[in-house]
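Subject: The structure for you to look at

Hi,

Here is the structure I promised to pass on.

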Amino acid sequence: MRLPPFLAVRDSASAPDGAPHQGRRSFLRQLGGSAALAAGALGATGCRSTDAQRGALAQASFLHGVASGDPLTDRIILWTRVTPFDARDERPIAVHWQLASDRAMLRVLASGELETGPERDYTVKVDALGLQPGHTYFYRFSAGALHSPVGRTKTLPAPDVAEVKLAVFSCANYPAGYFNVYAAAAEHSDVDAALHIGDYIYEYDSTGYACGKAKELGRVSQPANLLLVLDDYRRRYAQYRSDPDLQAIHALLPFIVVWDDHEFADDAWRDGAAEHRPAREGPFALRRAAAMRAYHEWMPLRAPDPSNQALIYRSFDFGKVLSLHMLDTRIIGRDQQLDMDSYYDAEQCFDAAKYRADVASPRRQMMGAQQLEWLENSVASSPAKWQVLGQQVLMARMEYPLPVAMGELSCAAYCALQTQAASDPDALSADQHAQLGAPRLPCYLDSWDGYQGERARVFALMRRHAKDLVVLAGDTHNAWASDLYDDAGHPVGVEFAGPSVSSPGMECSHPGEDHAGVARMMEQLIGPLYYAQTSARGFMLVTASAEQVRCDWHFVDTVTERRFRSACERSLRVLPGQKRISELASLDSLASAA
C-alpha cells in the first residue's frame with residue numbers, strides 16, 4: 001500500500017446464548033487459547049493412558065486453533081494444524097476429524113482421518129461434503145486422545161434466503177497492536193461469513209513497518225528477518241494464528257479470503273514488488289511461490305485449480321440476494337505500477353499529458369484477460385440481485401487537484417481556498433482562481449486509478465448486464481464510501497472500503513491535527529467520496545437484502561490495550577437501481593463496553 005507522497009502514512013516508531021456481554025468476550029478469548037491449555041492438561045494426565053495414547057499425546061498438540069472457509073450450499077473447508085512436540089520428529093501424524101450438528105459433538109454427521117506432515121507444515125484441510133444449505137455445524141479434530149477446540153461454521157443459504165450479513169476485514173499487522181477488531185466482530189452472532197480481503201499478514205522484518213510498540217506489547221515479529229523463503233512465511237503465519245482473538249473469530253465464522261500485497265511483498269505485482277531487490281533477495285518468482293504455498297497451507301481456502309496456486313478468484317452465491325466474486329487484483333494479472341516521479345524531466349517539469357495517457361492506457365491490466373472473462377461469465381449467469389466484488393484496492397476515483405498533486409498547495413490549503421471561493425470569490429487572486437480551476441490527477445497508482453482501462457472494462461460489463469454493483473475494498477487502512485462513475489460520468493455502483501484491523505492510518509500523516517477534520521477535508525477534496533474515517537481501526541458489517549445493501553462501519557477505540565470499546569460510527573446504504581450511496585432514515589449507534 002503506497003499512498004501519494006503528500007498523504008503517505010509514516011510509521012509510528014463461542015458462548016451460550018444469552019451470556020453476559022463481558023463474559024462472551026472473555027469466552028471468545030479463552031476459546032482462542034484453549035488448544036494450548038488442552039494440550040497441557042492432557043499431557044499431564046498422559047501417565048494414565050495406554051501406550052498407544054501416550055505415543056499420540058507425545059507427538060503433537062493443537063496450538064493454532066481451527067478454522068473453516070469457502071462455504072458452499074453442500075460443503076465447507078475445515079482446517080487445523082498440529083504441532084509436533086519434537087520438531088525433529090518428522091513422522092506423519094494421523095488426524096481424525098468430526099462434523100456434528102451440536103456443539104457437544106454428540107450428533108456426529110461426518111468424520112474421517114488423514115495424515116499430515118512437514119511437507120505441508122503439519123496443516124490439515126478437509127472438504128466436508130454432503131451438507132445442507134444454510135445450516136450451522138460444529139467440528140473438531142483429534143490426534144490420538146487429544147482434541148482441538150470445537151469450531152462453528154455455516155454453509156451458504158438456500159435460494160430463498162431473505163438477508164445476508166458479512167463481516168469484512170483487511171490489513172492486520174501483528175506488531176502494530178492487538179487484534180481487538182476481531183474480538184469486536186465476534187460479538188455479532190448473526191454474521192453469515194467473514195471476508196478477509198487482503199494483508200492477513202505482513203512480511204516486514206521485526207524492525208520494519210509499524211513496530212514502534214511491538215516490544216512493549218509483546219508482539220515482535222517472528223521470524224525477525226524479512227520474509228523470503230517458505231519457512232519464513234510459515235513461521236509468520238504460525239505467529240499470527242497464535243493470537244487468541246484471531247483464533248476465536250476463525251472458530252466462530254467461515255472465512256472467505258483473498259490475498260493482497262503483504263502476503264508477498266509491498267506493492268507486489270505479477271513479476272515483482274516495489275521493495276523486492278532481486279540482486280539482494282533472489283528471483284521474485286521463488287519468493288512468490290513460497291508465499292503462495294504457505295498461504296494455501298494456512299488458509300481455509302478451496303483452490304479452484306490445485307495445479308495452479310496463483311488462481312484464487314472464485315464466486316459464492318448467497319441465495320438470490322448476492323453473488324460474491326472474490327477477485328485477485330494483485331498477483332495473477334497485474335502489470336507493474338506506474339511511478340509518478342518518472343514523469344518529471346531533467347528540468348523537473350511534469351509531463352501531465354503523457355501521465356494521463358499512460359494511466360488510462362487500455363493495455364494496462366489489473367486482473368488479466370482470463371480473470372476478466374471469468375468475471376463477465378459469472379456476473380451474466382448470476383441469479384442474485386446484488387453483484388458484490390470482494391477485492392483489495394480502491395476502485396473509486398481518488399483524484400487530487402493538480403496543485404495538491406504537485407506539492408504547490410497542501411490539502412488543507414486547497415480546501416481553505418474552496419471555502420473562501422464559496423463565500424467570497426472576489427477576494428481570491430487570479431492565481432488562486434487558476435489553482436481552483438486546475439485539472440485533477442490520479443495519484444494512488446497501486447489502486448484502480450493506475451489501471452483505468454481495466455476499470456472501464458469492469459464497469460462496462462456491469463452496465464452490459466444491467467447489474468447492481470457493490471465493491472468492497474481494503475488496503476488503505478482507512479474507511480471510505482464512494483460512488484462509482486464510468487468515464488462518461490454514468491453511475492455504475494458504490495464502493496464501501498474498510499479500515500484496517502491494526503495497521504496505522506492517515507492519522508500518522510497528520511500528527512496533531514483534528515482527526516475528524518482530516519476526514520472531512522478528504523470528503524471535500526475528492527469528488528466521488530461520500531464518507532471518510534481516517535484515524536480508527538475497525539471492520540465493516542455489510543447486510544444485504546432485496547431492498548438494500550447496508551454498510552455499518554464499526555471501530556474500536558484502541559489496539560494498544562487489551563480493554564477497549566467498540567461502536568458503529570456510520571451506516572450508509574445503496575438501493576436497487578439507484579447506483580448511489582444514500583443515508584438511512586436513522587442511524588443506530590451500536591456501542592459495547594469491553
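Below is what turned up, starting with rings and moving on to charges. Keep in mind that this is a predicted model.

**Aromatic rings**

A pair of aromatic rings is described by the distance of the centres and the angle of the planes. This structure holds 23 aromatic pairs. Take Trp 79 and Trp 298: their ring centres are 5.6 Å apart and their planes sit at 40°, so this pair is tilted. Trp 79 belongs to strand E3 (residues 76-81) and Trp 298 to helix H8 (residues 284-298), so the pair links distant parts of the chain, 219 residues apart. Both Trp 79 and Trp 298 are buried.

While you're at H8, check the helix itself. It has 15 residues and reaches 21 Å from its first C-alpha to its last, close to the 21 Å expected at 1.5 Å a residue. Several of its residues are buried, including Phe 284, Arg 287, Tyr 295 and Trp 298.

Elsewhere, ring pairs join up into a cluster made of Phe 169, Tyr 174, Phe 179, Tyr 182, Tyr 240, Phe 255 and Phe 539. One of these rings also has a charged neighbour: Arg 219 lies over the face of Tyr 174, at 3.8 Å from the ring centre. You can find another such arrangement at Tyr 451, where Arg 364 lies over the face of the ring, 4.4 Å from its centre.

**Salt bridges**

Side chains of opposite charge can pair when their charged atoms come close. The count here comes to 33 salt bridges.

- Lys 154 and Asp 192 meet at 2.6 Å, N to O. Lys 154 is in strand E10 (residues 151-154), while Asp 192 is in the loop between helix H3 (180-185) and strand E12 (193-196), 38 residues apart. Lys 154 is partly exposed, with a relative accessible area of 24%, whereas Asp 192 is buried at 14%. The labels differ because buried means under 20%.
- Arg 330 and Asp 446 meet at 2.9 Å, N to O. Arg 330 lies in the loop between strand E17 and helix H9, and Asp 446 in the loop between strand E20 and helix H14, so this bridge ties together parts that are 116 residues apart in sequence. Both Arg 330 and Asp 446 are buried.
- Arg 520 and Glu 523 meet at 2.7 Å, N to O. Both lie in helix H15 (residues 515-525), 3 residues apart, about one turn of the helix. Arg 520 is partly exposed, with a relative accessible area of 38%.

Shared partners also make a network: salt bridges join Asp 260, Arg 330, Arg 334 and Asp 446.

Notes. Residues numbered from 1 in each chain as written. Predicted model: local features only at pLDDT ≥ 70, side-chain atom pairs only at ≥ 80, totals over all residues. Heavy atoms only, no water. Phe/Tyr/Trp six-rings, centres within 6.5 Å; stacked < 30°, edge-to-face > 60°. Helix = DSSP H or I, 4+ residues; strand = E, 2+ residues; numbered from the N terminus. Buried < 20%, exposed > 50% of the residue type's maximum accessible area, 1.4 Å probe, protein only. Lys NZ or Arg CZ within 6 Å of the ring centre and 35° of its normal. Expected span 1.5 Å × (residues − 1). Salt bridge = Lys/Arg side-chain N within 4 Å of Asp/Glu carboxyl O.
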